[in-house]
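User: I'm new to reading structures, and I'd like a close look at one part. Please take me through the pocket region slowly, in plain words.

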Amino acid sequence: MLWPVITIGLDVGGTKVLGVAVDSTAPATVLAEERVPTPEGGAGLVDTLLEVATAVSTAAGPAARVGVGVPGLVDTSGRLHMGPHLRKVHELPLAELLAQRCGLPVVVDNDANCHALAEWAGGAASGADEALVVTLGTGIGAGIIAGGRLVRGANGFAGEPGHMVVDPNGPPCPCGKRGCWERFASGSGLARLAREAAEADRLDAAVDLAGGDVDEVRGEHVTAAARAGDPESHAVLDEFAGWIALGLANLVNILDPAVVVIGGGLVDAADLLLPLVRAQLAERVMAGDRRPPVLLVPAALGERAGAIGAAVLALTDP
Ligand SMILES: [Zn+2]
């Protein structure tokens with residue numbers, strides 16, 4: 001785009017909607033922002049998105065386009081088929097309804113795809129035409145940039161490696177299958193590994209940090225204890241890093257990205273975790289000793305990434 005255009009990005013979370021207005025020439029620079037609680041139901045969601053879009057546009061100036069990121073399965077027409085973290089929202093033609101209400105072109109995609117677009121346009125994957133952005137939170141989200149474009153797939157459902165099965169006999173996943181990568185390599189995967197280690201009396205320092213209650217041990221207790229030098233907690237983190245590396249190696253073998261960006265809540269422990277992942281990734285990736293090391297970096301844009309990426313989505317959508 002040759003001239004600056006104000007674009008609105010709206011990021012729908014399970015608890016809040018964050019809206020930003022950005023300038024097309026510097027999308028990582030936020031001109032205005034607004035956040036409100038996520039309402040129940042599809043009609044309420046459209047009302048709230050209109051309210052947030054109006055607020056940021058009033059503050060930043062008239063906008064030309066709107067992008068929306070939602071946690072769920074979104075097709076290329078902008079229809080949300082299911083959103084497990086949104087109450088009473090399913091089969092919602094969100095792009096069509098919001099466009100009718102605001103009178104602007106509206107594009108909708110999965111929130112992890114938006115996150116990837118943000119890191120690609122102005123974050124840790126800037127300038128990379130081949131990039132993989134993986135968000136490790138309660139589950140795993142991902143977005144794939146290939147050939148300088150977001151990979152959306154035939155229906156819009158591409159980029160869901162969190163549900164790549166890494167153990168067919170593994171624990172059940174909310175998606176209905178068993179042993180999905182996100183059951184092992186997300187924040188909840190770390191919590192499960194920690195609980196198992198604590199129940200086997202292999203994690204005393206982290207249990208102490210959790211107030212002595214094995215059932216209360218979380219990932220942050222493990223990372224805090226590991227940071228303080230506890231070898232048992234470090235061993236659990238290393239096991240966790242192995243699960244992350246297993247999935248990343250599969251993805252690197254398929255995509256050969258120039259950069260892999262890790263985002264989400266676990267970024268707070270990136271200084272501890274990423275060196276462990278890098279070491280195991282080099283061993284697991286095909287011909288790891290005969291190719292350049294995979295560039296593995298933490299995400300740069302923080303909690304606004306989803307909203308910024310939604311704006312980038314609107315800017316880059318044909
Ligand atoms: Zn799954």
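Analyst: Helices (H or I, at least four residues) and strands (E, at least two) are DSSP runs, numbered from the N terminus. This is a predicted model, where local features need pLDDT of at least 70, side-chain atom pairs count only at pLDDT 80 or more, and totals for chains, interfaces and linings use all residues. Residues are numbered from 1 along each chain as its sequence is written, and side-chain values use heavy atoms, with hydrogens and water left out.

Let's start with the space itself. The largest pocket holds about 1,600 Å³. A pocket, on a 1 Å grid over the protein atoms alone, is an open set of points where a 1.4 Å probe fits, with protein on both sides within 12 Å along at least five of seven lines; lining residues have an atom within 4 Å of a point.

By type, the lining has 18 nonpolar, 20 polar and ten charged residues. Here Ala, Val, Leu, Ile, Met, Phe, Trp, Tyr, Cys and Pro count as nonpolar, Asp, Glu, Lys and Arg as charged, and the others, Gly among them, as polar.

His 163 and Cys 173 lie in the loop between strand 11 (149-150) and helix 4, so the pair ties together parts that are ten residues apart in sequence. The zinc ion is held by His 163 through ND1 and by Cys 173, Cys 175 and Cys 180 through SG, at 2.0 to 2.3 Å. Donors are N, O and S atoms within 2.8 Å of the metal (3.2 Å for Na, K and Ca). Along the chain, the zinc donors show the spacing H-x9-C-x1-C-x4-C. The angles among the four donor atoms run from 106 to 117 degrees, and the site is tetrahedral (all angles between 85 and 135 degrees).

How exposed are His 163 and Cys 173? His 163 is partly exposed at 32% relative accessible area, while Cys 173 is buried at 7% (buried is under 20%, exposed over 50%, partly exposed in between, with a 1.4 Å probe and protein chains only).

Conventions:
Grid points are joined across faces, edges and corners, and a volume is the space filled by probe spheres set on the points. Four donors count as tetrahedral if all angles lie between 85 and 135 degrees; four count as square planar and six as octahedral if opposite donors are over 155 degrees apart and all others between 65 and 115; anything else is irregular.
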